[in-house]
Amino acid sequence: MQLWHTLRNTNRWPWCSYNMFAYRKRARAWQLRVRLITGDGQQVGPADPWGLLPMEFFRVVSTLERIFFTEQDHAAREEFCREVLARLNDRPWRGWDEVKAALAPPAGQRFAAMELYLVEVDFDQCDPSDRTYVVSAELLHRHDPSAVAAELPQPQWRFVAECDPSPQPQYQEN
Amino acid sequence: MSRSGALFRQIFVDQEGAHERLALARLTTGAAILRTIWKLPPGEALERYRFDGAPSGRSRPMLDARQYEALRGVAFISVAAWTLGCEQAGVRFAANAAFAALQRHVAHFDQRAWNYNSNLNLALLMLSVTDTRGSLADPDRAPSPETASAMMAALQLYYAWVYLQSGVAKLRVGGLGWLDGRTLHGSWAELGTRLGRRLARTDRRLAVSASALSLLFELLFPVALLCAWRHREWLGAVSLTFHAAVKATLDISFWHHASYAVPLFLLPARTEHAVSAALRFSPLLTRRCHNVR
């Protein structure tokens with residue numbers, strides 16, 4: 001059964017196909033970045049979004065894709081962001097292997113707003129240690145109930161020179 | 001007896017120290033499951049963000065947050081009791097049933113996301129069918145030496161089988177093109193630790209070589225295990241080295257699988273005696289609940 005799932009590239013619990021990294025990456029990829037803002041305007045990020053939820057990073061990405069791409073419900077997005085900020089502020093968690101630690105505000109501060117960006121990176125040209133180094137960046141959603149983010153400038157993206165962005169991905173349900 | 005027949009007996013029938021290794025595998029399984037349950041997503045997050053799309057016509061578990069947390073508690077307590085030596089049938093049943101229901105629920109959180117650790121369910125089931133407490137086992141329920149040997153062989157071969165599946169999956173989806181190194185190079189950049197991100201800035205030939213080595217390791221591990229059975233402790237060490245390298249570069253250890261290299265291949269079987277001596281004072285054992293069937 002397991003081999004059958006491997007050959008079909010599917011997972012159906014309890015059968016595992018163990019298809020880790022069984023895909024082909026291209027030179028460019030679409031990724032998500034998050035910027036979190038405290039009540040007094042301090043920023044964390046743009047950073048990878050894995051520390052937004054207390055679950056494995058791939059489940060976090062899958063959840064974000066669903067809420068911010070495949071579903072178009074603005075109220076649900078706002079509710080999601082409100083809950084995420086509450087959890088980060090009041091119930092942070094520690095990382096363990098594929099569960100990444102909660103993104104933490106500066107000492108004594110609380111997050112008041114968040115922005116989610118869709119970025120395109122070029123693995124050959126972008127410096128992976130700099131998460132602001134991208135081909136393109138687009139704001140997907142801003143949750144800013146106390147209007148602290150609106151007063152801030154855009155994140156300081158470093159764009160790859162002379163590089164055209166690819167068409168945006170169309171996320172579809174499997 | 002032919003050479004292959006002798007090897008078969010050596011692996012499946014006459015494996016030295018099988019009882020002891022089963023006991024060590026039991027402790028590894030218990031510890032890994034307890035750690036897994038402890039770090040599962042909180043029920044409120046699972047309930048809130050679960051994917052409710054059509055799951056290919058299959059029924060979906062519908063636990064709310066409180067039911068999930070209760071199930072989590074039952075699984076944790078029953079697995080902890082079993083790990084510490086409680087052999088009551090109710091405890092073994094509760095440990096298997098609760099952990100299976102829990103894992104299934106988490107896996108169904110979003111069917112597009114992987115499930116990857118049902119090896120723990122399989123090991124729990126296999127190791128709880130008989131009394132696998134090694135030198136503490138009730139002789140009436142302990143597996144015969146031949147059965148213990150076959151059980152140990154099944155765990156060892158499953159360990160190798162996981163690598164084979166993983167290697168085949170890469171070839172199945174990416175073909176030989178997977179060896180161009182782009183997947184590993186991009187993964188270093190995307191998921192990488194500080195070391196991984198540094199590697200992503202080096203010549204891509206390094207990623208090509210590392211990809212080829214990884215694929216060779218995964219495809220050849222089962223073959224090597226059978227061909228070099230007498231040196232399997234070295235294969236266990238190679239396996240741990242592989243996972244340490246992945247952890248150091250991609251921050252993914254696959255620990256729920258890799259940790260089995262220790263009881264299945266690396267630790268001397270006699271280690272079990274020291275561990276059992278420590279467990280003998282477990283309150284669950286001193287109350288002799290292991291004699292209850």
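Reader: What do the buried residues of H2(A) pack against?

Author: They pack against strand S1 (28–38), helix H3 (74–90), strand S3 (111–122) and strand S5 (136–143) of chain A, together with H3 of chain B. This is a predicted model, in which local features need pLDDT of at least 70 and side-chain atom pairs count only at pLDDT 80 or more, while totals for chains, interfaces and linings use all residues. Residues are numbered from 1 along each chain as its sequence is written, and chains are lettered from A and ligands numbered from 1 in the order in which they are written.

Reader: Which residues of H2(A) are buried, and what makes a residue buried?

Author: A residue is buried if 20 or more other C-beta atoms, placed from the backbone, lie within 10 Å of its own; it is exposed if there are 12 or fewer, and partly exposed in between. In H2(A) the buried residues are Phe57(A), Arg59(A), Val60(A), Ser62(A), Thr63(A), Leu64(A), Arg66(A), Ile67(A) and Phe68(A). Of the 174 residues of chain A, 37% count as buried.

Reader: Why is Val44(A) called partly exposed?

Author: Val44(A) has 19 C-beta neighbours inside 10 Å, so it counts as partly exposed. Val44(A) lies in strand S2 (residues 43–47) of chain A. Leaving out residues up to four places away in sequence, Val44(A) touches Leu36(A), Leu103(A) and Pro105(A); a contact requires C-beta atoms, placed from the backbone, within 7 Å.

Reader: What makes a stretch a helix or a strand, and how many of each does chain A have?

Author: Both are DSSP runs numbered from the N terminus: helices are H or I with at least four residues, strands are E with at least two. Chain A has three helices and six strands, in the order α-β-β-α-α-β-β-β-β from the N terminus.

Reader: What span is expected of H7(B), and what span does it reach?

Author: The expected span is 1.5 Å times one less than the number of residues. H7(B), with 30 residues, reaches 43 Å from its first C-alpha to its last, close to the 44 Å expected. After H7(B) comes Gly175(B), whose phi is positive, near 60 degrees.

Reader: What does H7(B) give to the side of chain B that touches chain A?

Author: The contact takes 45 residues from chain B and 40 residues from chain A. H7(B) gives the most to the chain B side, with nine residues. That side divides into 19 nonpolar, 15 polar and 11 charged residues. Here Ala, Val, Leu, Ile, Met, Phe, Trp, Tyr, Cys and Pro count as nonpolar, Asp, Glu, Lys and Arg as charged, and the others, Gly among them, as polar.

Reader: What makes a set of residues a nonpolar core, and which members touch the most others in the largest one?

Author: A core is a set of buried Ala, Val, Leu, Ile, Met, Phe, Trp, Tyr and Cys residues joined through C-beta atoms within 7 Å. Of the 103 residues in the largest nonpolar core, Met114(A), Leu22(B), Ala25(B), Ala75(B) and Phe99(B) touch the most other members. H7(B) gives the most to this core, with 11 residues.

Reader: How confident is the predictor in chain B, and where is its pLDDT below 50?

Author: On the pLDDT scale, the predictor's confidence in each residue from 0 to 100, chain B has a mean of 89, and 91% of its residues reach 70 or more. Over residues 54–59 of chain B the pLDDT is below 50. Where pLDDT is low, the predicted coordinates should not be read in detail.

How values were computed:
Two residues are in contact if their C-beta atoms, placed from the backbone, lie within 7 Å.
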